[in-house]
Amino acid sequence: MSGENDGAIQTVAMEQKNRLLVPSDPSSTNQMVSPSAVHRINDPNDLVSLAQYVQTADDFTRATVGGKLELIAEQIKALQNQAREVLEVAKRDVELNHAKCNFKRIPGKTYHLYRKETDGTTYFSMLSPEEWGGRQTDSYIDSYRLEYDMSWTPVANIRQREERRKFDAHLLGLDNHEVSPRHHPTPLDCNSCVILS
């Protein structure tokens with residue numbers, strides 16, 4: 001009876017082997033794994049090596065996650081700085097929009113901001129401090145260009161802003177001659193100013 005069980009076990013094992021292995025030579029009987037390594041039960045060295053493997057995998061995972069979290073933290077700090085800059089510019093633009101002005105503001109033109117010595121109010125003038133000569137009694141603050149989106153750019157930053165706004169056709173895989181330039185008015189195009197009475 002035990003011989004029949006051995007035959008049944010052998011048959012099941014052979015069937016599994018035949019299903020899993022595709023020999024290159026059907027007459028070949030080479031074994032692909034060592035029977036002693038396959039049939040070991042509870043080898044303590046296997047548990048130690050498995051634990052070492054798990055520990056190494058955990059270390060790599062921690063290092064990878066730590067690196068990714070560090071990158072995300074840097075991106076968050078950069079976004080916070082950008083948000084802070086946007087809010088500061090918006091606050092400045094609101095203050096500039098509330099400055100007194102006795103003429104219609106035209107986008108693309110540069111205006112000069114002054115503060116009255118008597119009451120501290122701010123106002124825009126079309127005249128620069130040089131154009132006033134020595135006749136201006138109020139204190140000059142700065143000069144700004146009114147942009148087409150109704151934001152303000154300090155004169156010192158106009159060139160930098162223009163460089164940032166240049167279209168780079170190479171980013172789209174195009175040559176500059178393939179892109180038709182759109183005309184954006186420049187301060188030189190806006191020579192007239194409407195005076196409000």
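## Basis of the model

This is a predicted model, in which local features need pLDDT of at least 70 and side-chain atom pairs count only at pLDDT 80 or more, while totals for chains, interfaces and linings use all residues. Residues are numbered from 1 along each chain as its sequence is written, and side-chain values use heavy atoms, with hydrogens and water left out.

## Overall composition

The secondary structure of the protein amounts to 5 helices and 4 strands. Helices (H or I, at least four residues) and strands (E, at least two) are DSSP runs, numbered from the N terminus. Read from the N terminus, the order of elements is α-α-α-β-β-α-β-β-α.

Of the 197 residues of the protein, 17% count as buried. Buried means under 20% relative accessible area, exposed over 50%, and partly exposed in between (1.4 Å probe, protein chains only). When contacts between residues at least 6 apart in sequence are considered, 48% join residues at least 24 apart; contact means heavy atoms within 4.5 Å.

## The four-stranded sheet

The 4 strands form an open sheet in the order E2-E1-E3-E4, with antiparallel pairing. Its edge strands are E2 (122–125) and E4 (152–154), each of which pairs on one side only. On average, neighbouring strands of this sheet are turned by 40° against each other, direction ignored; the axes are lines fitted to C-alpha atoms, for helices over the stretch in contact, and angles run from 0 to 180 degrees between N-to-C directions.

Two strands pair if DSSP finds at least two bridges between them. Strand E1 (residues 110–115) is joined to E2 by 4 bridges, and E1 pairs with E3 over 6 bridges in the antiparallel sense. The antiparallel pairing of E3 and E4 comprises 3 bridges.

Arg145 has Thr153 as its bridge partner in E4. The hairpin of E3 and E4 has 5 residues between the strands, and there Met150 takes a positive phi near 70°.

## Aromatic cluster

A pair of aromatic rings is described by the distance of the centres and the angle of the planes. Rings of Phe, Tyr and Trp (its six-membered ring) pair if their centres lie within 6.5 Å; planes under 30 degrees apart count as stacked, over 60 as edge-to-face and the rest as tilted. A search of the whole structure finds 6 aromatic pairs. In one of them, the rings of Tyr111 and Phe124 have centres 6.3 Å apart and planes at 65°, so this pair is edge-to-face. Tyr111 in strand E1 and Phe124 in strand E2 are 13 residues apart, and the pair links distant parts of the chain. Both residues, Tyr111 and Phe124, are buried.

Tyr111 also pairs with Trp152: the ring centres are 6.3 Å apart and the planes lie at 70°, so this pair too is edge-to-face. Because Tyr111 lies in strand E1 and Trp152 in strand E4, the pair ties together parts that are 41 residues apart in sequence. Like Tyr111, Trp152 is buried. Phe103, Tyr111, Phe124 and Trp152 form one aromatic cluster.

## Two loop residues

Glu147 is placed in the loop between strand E3 (139–146) and E4. With a relative accessible area of 2%, Glu147 is buried. Its side chain is joined to that of Arg145 by a polar contact of 2.9 Å. A polar contact is a pair of N or O atoms within 3.5 Å; within protein, one must be able to donate a hydrogen and the other to accept it, and residues adjacent in sequence count only if both atoms are side-chain atoms. Leaving aside neighbours within four places in sequence, Glu147 is in contact with Pro107, Thr153, Arg161 and Arg165.

His98 lies in the loop between helix H3 (44–97) and E1. At 63% relative accessibility, His98 counts as exposed. His98 and Tyr123 are 25 residues apart in sequence, with a C-alpha to C-alpha separation of 8.6 Å in space.
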